[in-house]
Amino acid sequence: MSLFTFPRQIYFQRDIVDSLGEILSDSLNILIITDKNILNIHGERIRKSLGSKNYRVYDNVEPEPSILSIENAFNELKIMEPDTIVAIGGGSVMDFAKSMAIKFSYPDMDLRDINPFNRLLINLKLISVPTTSGTGSDVSFGIVLTDGPRKLALGNYALVPMLTILDSSLTPYSKEIVRSTGIDAFVHSFEALSANTSTILTDALAEKSIEIIFKNLKKGMENEENAKDLLHLSATMAGMAFSNSGTALAHALGHSFGATFHITHGTSVGLFLPYVIDFNSQDMTTNEKYKKVERILGLENLIDGIKNFYRDVGQPCYVKDLNISKKEYISKIDELVSKALMDSELAFNPVIAGEDDLKNIYLKAYGD
Ligand SMILES: [Fe+2]
C-alpha cells in the first residue's frame, strides 16, 4: 500500500517567525521546545512575536536526545497539558518535540515501542520551525533517540508535524554549516529518487530539490537571501521525498564513516554519493532517473558534474581530502564495512550491496 504523508500546512516566507503569535492564534497553551543556543540567538524575537500568549519554553534539549531526558522532561511538564508543541531548532529538537508529543498523547507508552505499524493519534498540534536547511525532520515521520549505548531509529506517520514554518532568517550564516546541511539535503533527494520505495510523488520533489540545491548552494553559502530562502524550502522538499521514500547506500556508508572518523553527517554522506551513483547505475530504472537529473542540471556526465559542484562549494570528493591517511583508513576499512552492513538504510538501496561491494566503494572513495 503506497502512502504519502506531509504537513497540513507549510508557511514559507522570510521573517515569518515574527508572525508566530498570529499563526498560533487558536492555541491557548503552548509548549516551545528548543535548545539553549537557539534561544540565545532567536529568543527575544520569538518572545516578541508570541506577545501575551500563554506559553512555556523548554530549552534543555541535548544533541541526540536520550529516552531518559525525554521522560524527565515529560514528568516536569505533564501538568501543563499543552494544546500545541512548537519545535524550534535542528534535528535533535525535532526528535525531542515529536517524542514529547507521543508522551502527552500516550503518557504510559514506552518510546522504544514506537514503530510505523502503531495506530497512533497525536492529541495536540505539533508544529515545526527548522533552523537549519538540511535534516528534513520538520516534515519527516522519523526520530533518532539515544538509549544507553544504543541509537534507536524510530518512526510513525502520526509524528509528521501538522504545520511547518520555513523562515530562512533563522538559519546559520556559517559557510560550513550551510554547505554541510545543503549537501545532506542534496543526498536525501538523490537517495529518495533511487530508493526501491520511491514513487512519482517522491521523484517530483527529489528532482526539484536537487536542481534548487545544485543551483543555489554556493550563493546560499555567501548568504544571498533569495538563495537561502530556496535552500530552506528545498531541504523540506527533500525531507518530504525521503520520508515517504527512503535514504539508502550513501547514508549507510556515511553513517559508518562519520561515526568512525568524527566527520559531520552532511560531509560524510555527500562524499560517498558519486560512488553510490556509479554503483546504482547498474539498475536500469535508477540509471534512467540519473539520466533525467543529468538533463535537468544541463550536465554531460552526472558524476563529473557533481564532483565539479562539490569542488565549487568546498565539499570533499575523496576521503584523502579530509586529511585521513591511507594507512589509517585501510586499517579501519573492515570496521567501516561491518558497521555499514548493519545499517537499516541499506534495505532501500535499488541494488543489493554486499560486503565486497561496500569495501570496493570505500576503497574507491579514498582517491589516489
Ligand atoms: Fe541525511
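Here are some numbered notes on this predicted model, meant for someone opening it for the first time.

1. Let's start with the whole chain. The protein chain is built from 14 helices and eight strands. Its C-alpha trace spans about 60 × 40 × 40 Å along the principal axes. The radius of gyration is 20 Å, which agrees with the value near 21 Å that a compact globule of 368 residues would have.

2. Next, how the chain packs. Of its 368 residues, 47% count as buried. If you take the contacts between residues at least 6 apart in sequence, 80% of them join residues at least 24 apart.

3. As background, the strands of a sheet pair through backbone hydrogen bonds, in either a parallel or an antiparallel way.

4. Now some of the pairings inside that sheet. E1 and strand E8 (residues 163–166) run parallel and are joined by four bridges; here Ile10 has Thr164 of E8 as its bridge partner. Two bridges link E5 to E8, again parallel, and Ile127 is partnered by Leu163 in E8. Strand E4 (residues 84–89) runs parallel to E5, with six bridges between them. If you want a residue pair to click on there, Ile85 stands opposite Leu126 in E5.

5. Strand E6 (residues 142–147) and strand E7 (residues 150–155) are antiparallel and share six bridges. Leu145 faces Leu152 in E7 across this pairing. Two residues lie between the strands, and Gly148 in the turn has a positive phi of about 60 degrees.

6. Have a look at helix H2 (residues 36–50), which has 15 residues. Its end C-alpha atoms are only 18 Å apart, short of the 21 Å a straight helix would reach at 1.5 Å a residue. H2 also has a kink of about 70 degrees, centred on His42. His42 is buried in this helix, as are Ile38 and Ile46. The buried residues of H2 pack against helix H1 (20–23) and E4. After H2 comes Gly51, with a positive phi near 55 degrees.

7. Then there is helix H6 (residues 200–221), with 22 residues. From first C-alpha to last it reaches 31 Å, close to the 32 Å expected at 1.5 Å a residue. H6 does bend, by about 45 degrees at Lys215. Its buried residues include Thr202, Leu205, Ile210, Phe214, Leu217 and Met221. Among the elements covering the buried residues of H6 are helix H5 (175–194), helix H7 (225–244), helix H10 (284–296) and helix H11 (302–313). Just past the end of H6, Asn223 takes a positive phi of about 65 degrees.

8. Two loop residues are worth a visit, and Ala195 is one of them. Ala195 sits in the loop between H5 and H6. Is Ala195 buried or exposed? Ala195 has 26 C-beta neighbours inside 10 Å, so it counts as buried, given that the cut-off for buried is 20 or more. Leaving out residues up to four places away in sequence, Ala195 touches Ser245, Gly246, Ala248, Phe348 and Pro350. Lys218 is 23 residues from Ala195 in sequence, and the two C-alpha atoms are 27 Å apart in space.

9. The other loop residue is Leu121, found between helix H4 (91–105) and strand E5 (125–130). Leu121 has 8 other C-beta atoms within 10 Å, so it is exposed, with 12 or fewer being the cut-off for that label. Setting aside neighbours within four places in sequence, Leu121 is in contact with Ser105 and Ala158. Leu121 and Ser66 are 55 residues apart in sequence, and their C-alpha atoms are 23 Å apart in space.

Conventions
Residues are numbered from 1 along each chain as its sequence is written. This is a predicted model: local features need pLDDT of at least 70, side-chain atom pairs count only at pLDDT 80 or more; totals for chains, interfaces and linings use all residues. The radius of gyration is taken over C-alpha atoms; the globule rule is 2.2 Å times the number of residues to the power 0.38. Two residues are in contact if their C-beta atoms, placed from the backbone, lie within 7 Å. Two strands pair if DSSP finds at least two bridges between them. The expected span of a helix is 1.5 Å times one less than its number of residues. The bend at a residue is the angle between axes fitted to the seven residues ending there and the seven starting there.
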